[in-house]
Amino acid sequence: MTTNEFDGAPALVFRHATVVTVDEAGVIADGDVLVVGDRIAAVGTGLAVPEGTVEIDGRDGILMPGMIDTHRHMWQANLRGLGADWTLSEYFTFYYLKWGRYTRPRDIYAGNLLSGVESVDAGVTTTVDWSHGLRTVEHAEAAADALLAAGGRFVLACGNLLGGPWEWANDPAFRAFVARRAAGDTDRLALQLAFDVTSDPAFPERAAFAAARELGLRVTTHAGVWQATNDVGIRQMWDAGFMDETVTYVHCSTLSEESYQKIAASGGTASVATESEMNAGQGYPPTFLLRRYDIPVSLSQDTSVWWSGDMFAAMRATLNADRARCHLEAHRAGSTVTANEARAEDVVRWATLGGARAIGREADLGSIRPGKKADLVLVKNDRSPAMRPILHPYGHLVFQAGRGDVHTVLVDGRVVKHAHRLRGVDLGAVHDDVERTVEFFRSTMGDEAWHEAMAPPLPVGERIDNPYTYSAVDGRDAK
């Protein structure tokens with residue numbers, strides 16, 4: 001099939017796929033999904049379709065809802081991998097204290113476009129851009145323009161790492177930006193406010209929450225981050241009446257029982273970035289706790305300056321971390337886990353429907369059901385020995401598949417990737433634009449600072465003495 005065959009077709013149907021609906025229908029073997037316009041029209045087997053419908057063969061593949069990443073600093077993708085060995089404090093030092101201020105609007109555009117295209121390519125049909133590099137309205141306009149050009153569905157969560165949210169959220173220029181974007185394509189590009197609560201006794205963030213309420217925008221905030229954001233901020237939000245279902249708490253790793261209960265009672269959601277939490281040290285990935293407090297979970301990848309944009313990796317890491325915590329707790333108590341509470345199905349749900357709930361779109365995204373938006377991902381790779389047999393579809397998505405197995409992606413009923421190839425994207429031009437940002441940062445920083453950023457110095461470590469040494473083996477000295 002050529003890509004031109006999708007254009008002008010009255011409908012599109014996936015045939016003979018293993019359909020993971022993340023809905024009451026569960027898993028449908030040898031299933032069909034019919035798409036008409038931007039909506040899922042029918043789900044079942046042997047579906048009758050309109051004349052002229054384009055068919056995509058889903059045989060030996062898994063059709064799933066588009067994944068939803070609820071927290072990614074997309075603007076940082078233009079320095080992909082630079083911070084592979086950073087701690088959280090080194091990340092803060094690089095962006096907040098030294099080099100974040102040098103990011104230009106054109107760099108925001110380049111990073112966002114690269115990250116947006118990467119999302120689509122990996123089957124992430126909706127991404128929340130936790131965009132705290134927006135120091136001016138020009139930066140915000142660049143971020144929004146790039147996301148609209150990337151081909152997916154996005155939420156621009158506006159922030160500013162160098163300014164107080166109580167100031168920028170009430171700035172007339174920012175308010176004018178919100179008004180302009182609210183008059184555009186808000187289905188494919190919605191807005192949120194992104195800021196943290198610092199535990200300042202004066203609670204200056206009150207004005208930012210009030211602005212969000214006035215503008216009708218959801219809020220996403222880093223909460224429960226070791227030695228950064230804590231229970232004081234949660235208490236301030238609760239006492240002021242700002243905790244409700246429109247707030248997402250990112251990381252949510254190091255809070256007290258009282259704070260978790262407040263999040264649960266208010267209807268808030270959590271965004272867990274397991275690879276980030278395990279590497280950077282925000283706290284142990286909290287799904288082990290969130291499940292017990294019945295706090296809705298979504299998944300995220302945080303930033304490509306450290307990790308990938310691969311939500312398959314996020315699902316795998318999250319299930320690994322949750323089960324490891326369960327085993328560790330049992331071993332501490334002298335017991336053994338005899339059944340895994342966290343299941344592969346759970347993390348698939350968190351990566352899809354959980355994300356939809358976190359952005360307030362559970363009604364039309366996150367599962368495969370007639371009437372919902374046609375954001376769909378076919379995971380199929382005939383060249384991969386790991387893609388057959390498919391016996392446990394949820395487990396296959398979590399432990400066997402990867403972003404290289406994403407065959408076809410639909411966003412809003414539009415085919416944006418097919419047969420492992422992106423459609424309508426000049427990837428060479430995207431990479432060239434990013435290279436210009438890399439050269440700008442490298443020349444601005446200088447070679448010494450550039451190399452030090454990639455290889456931060458290590459403290460002197462101490463080794464444990466080992467009393468067991470070999471002196472002779474069969475009459476020969478051990479070497």
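This is a predicted model: local features need pLDDT of at least 70, side-chain atom pairs count only at pLDDT 80 or more; totals for chains, interfaces and linings use all residues.

Trainee: Let's begin with the inside. How many residues does the largest nonpolar core have, and which have the most contacts inside it?

Mentor: The largest nonpolar core has 104 residues, and Leu156 and Phe177 have the most contacts inside it. Leaving aside residues up to four places away in sequence, the contacts of Leu156 include Leu134, Ala140, Leu147, Phe177, Leu189 and Leu191. Leu156 also touches Asp129, Ser131 and Gln192, among others. There is a second, separate core too, with 18 residues, among them Leu12, Phe14, Ala374 and Leu376.

Trainee: What makes Met315 buried?

Mentor: Buried means under 20% relative accessible area. Met315 has 0%, so Met315 is buried. Met315 sits in helix H11. Not counting residues up to four places away in sequence, Met315 touches Met67, Leu299, Val347, Val348, Ala351, Leu397 and Val398. One of these, Val398, is 83 residues apart from Met315 in sequence, but their C-alpha atoms are 5.8 Å apart in space.

Trainee: Why is Glu51 called exposed?

Mentor: Here the cut-off is over 50%. Glu51 has 78% relative accessibility, so Glu51 counts as exposed. Glu51 lies in the loop between strand S3 and strand S4. Glu51 and Pro10 are 41 residues apart in sequence and 7.8 Å apart in space, C-alpha to C-alpha.

Trainee: And why is Glu435 called partly exposed?

Mentor: Partly exposed is the range between the two cut-offs, 20% and 50%. The relative accessible area of Glu435 is 45%, so Glu435 is partly exposed. Glu435 is in helix H15. From Glu435 to His16 there are 419 residues in sequence and 42 Å in space, C-alpha to C-alpha.

Trainee: Now the cysteines. How many disulfides are there?

Mentor: The count comes to 0 disulfides. A disulfide is a covalent bond between the sulfur atoms of two cysteines.

Trainee: How do you know that Cys252 is too far from the closest cysteine sulfur for a bond?

Mentor: The two sulfur atoms would have to be within 2.5 Å. The closest cysteine sulfur to that of Cys252 is in Cys326, 17 Å away, so it is too far for a bond. Cys252 is buried, with a relative accessible area of 0%, and Cys158 counts as buried at 1%.

Trainee: On to the helices. Why are H12 and H14 called roughly perpendicular?

Mentor: Two packed helices are described by the angle between their axes and the distance between the axes. The axes of H12 and H14 come within 8 Å and cross at roughly 75°. Angles from 65 to 115 degrees count as roughly perpendicular, so H12 and H14 are roughly perpendicular to each other. In this contact, Ala344, Glu345, Val347 and Val348 of H12 meet Tyr394, Gly395, Leu397 and Val398 of H14. By class, these are 6 nonpolar, 1 polar and 1 charged.

Trainee: What about H15 and H16: at roughly what angle do their axes cross?

Mentor: The axes of H15 and H16 come within 6 Å and cross at roughly 110°. With the range 65 to 115 in mind, that makes H15 roughly perpendicular to H16. Val438, Phe441, Arg442 and Met445 in H15 meet a set in H16 that includes Trp450 and His451. The contact has 6 nonpolar, 1 polar and 2 charged residues.

Trainee: Which residues does a cis peptide bond join?

Mentor: Arg388 and Pro389, with omega about -5°. Pro389 is found in the loop between strand S14 and H14.

Methods
Residues are numbered from 1 along each chain as its sequence is written. Side-chain values use heavy atoms; hydrogens and water are left out. A nonpolar core is a set of buried Ala, Val, Leu, Ile, Met, Phe, Trp, Tyr and Cys residues joined through side-chain atoms within 4.5 Å. Buried means under 20% relative accessible area, exposed over 50%, partly exposed in between (1.4 Å probe, protein chains only). Contact means heavy atoms within 4.5 Å. Axes are lines fitted to C-alpha atoms, for helices over the stretch in contact, and angles run from 0 to 180 degrees between N-to-C directions. Helices (H or I, at least four residues) and strands (E, at least two) are DSSP runs, numbered from the N terminus. Angles under 35 degrees count as roughly parallel, over 145 as roughly antiparallel, 65 to 115 as roughly perpendicular and the rest as oblique. Ala, Val, Leu, Ile, Met, Phe, Trp, Tyr, Cys and Pro count as nonpolar, Asp, Glu, Lys and Arg as charged, and the others, Gly among them, as polar.
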